[in-house]
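Please examine the chain shown below together with its coordinates.

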Amino acid sequence: MEVVNPFILKNKERMMVFLDQLSAIGDPGTIHPLTQADTAKELATLHHICVAHLAELQAVAKVNSNLRTLVTVIEMLTKHKQKYLEKIR
């Protein structure tokens, strides 16, 4: 019988789990958890989309109270963004 490296014996289970995770291919439709940087990017993209459609959102917000809150938040964020951009200049 061959002598096996003690490190390999000690960490065999962890190495198997790591290799399984590394080689696992998920379904294309699965959502992977976002990291902090990805979350910020996604929120910025969402804000950009909402600003692009703000007129339509405001029209629908007259009927739907949930959208009124969204429109208010979008407007507040847009004002904050303008203030920060002015400070940079």
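## Basis and overall make-up

This is a predicted model, in which local features need pLDDT of at least 70 and side-chain atom pairs count only at pLDDT 80 or more, while totals for chains, interfaces and linings use all residues. Residues are numbered from 1 along each chain as its sequence is written, and side-chain values use heavy atoms, with hydrogens and water left out.

The chain contains 4 helices and 0 strands, helices being DSSP runs of H or I with at least four residues and strands runs of E with at least two, numbered from the N terminus. The order of elements from the N terminus is α-α-α-α. Of the 89 residues, 10% count as buried; buried means under 20% relative accessible area, exposed over 50% and partly exposed in between, with a 1.4 Å probe and protein chains only.

Helix 3 spans residues 54-61, and its buried residues are Leu 54, Leu 57 and Ala 61. These residues lie on the same side of helix 3 because they cover an arc of only 60° around the axis, the arc being that of the directions from the helix axis to the C-beta atoms.

The largest nonpolar core comprises 7 residues: Cys 50, Leu 54, Leu 57, Ala 61, Leu 67, Val 71 and Ile 74. Helix 3 and helix 4 are the elements that give two or more residues to this core. Such a core is a set of buried Ala, Val, Leu, Ile, Met, Phe, Trp, Tyr and Cys residues joined through side-chain atoms within 4.5 Å. Leaving aside residues up to four places away in sequence, Leu 54 touches Val 71, Ile 74 and Glu 75, where contact means heavy atoms within 4.5 Å.

## The largest pocket

The largest pocket has a volume of about 210 Å³. Helix 2 (36-52) and helix 4 (65-88) are the elements that give two or more residues to its lining. A pocket is an open set of points on a 1 Å grid over the protein atoms alone, where a 1.4 Å probe fits, with protein on both sides within 12 Å along at least five of seven lines; lining residues have an atom within 4 Å of a point.

Among the lining residues are Leu 46, His 47 and Ile 74. His 47 lies in helix 2 and is buried, at a relative accessible area of 15%. Not counting residues up to four places away in sequence, His 47 touches Ile 74, Leu 77, Thr 78 and Lys 81. Leu 46, also found in helix 2, counts as partly exposed at 47% relative accessibility.

Technical notes: Grid points are joined across faces, edges and corners, and a volume is the space filled by probe spheres set on the points.
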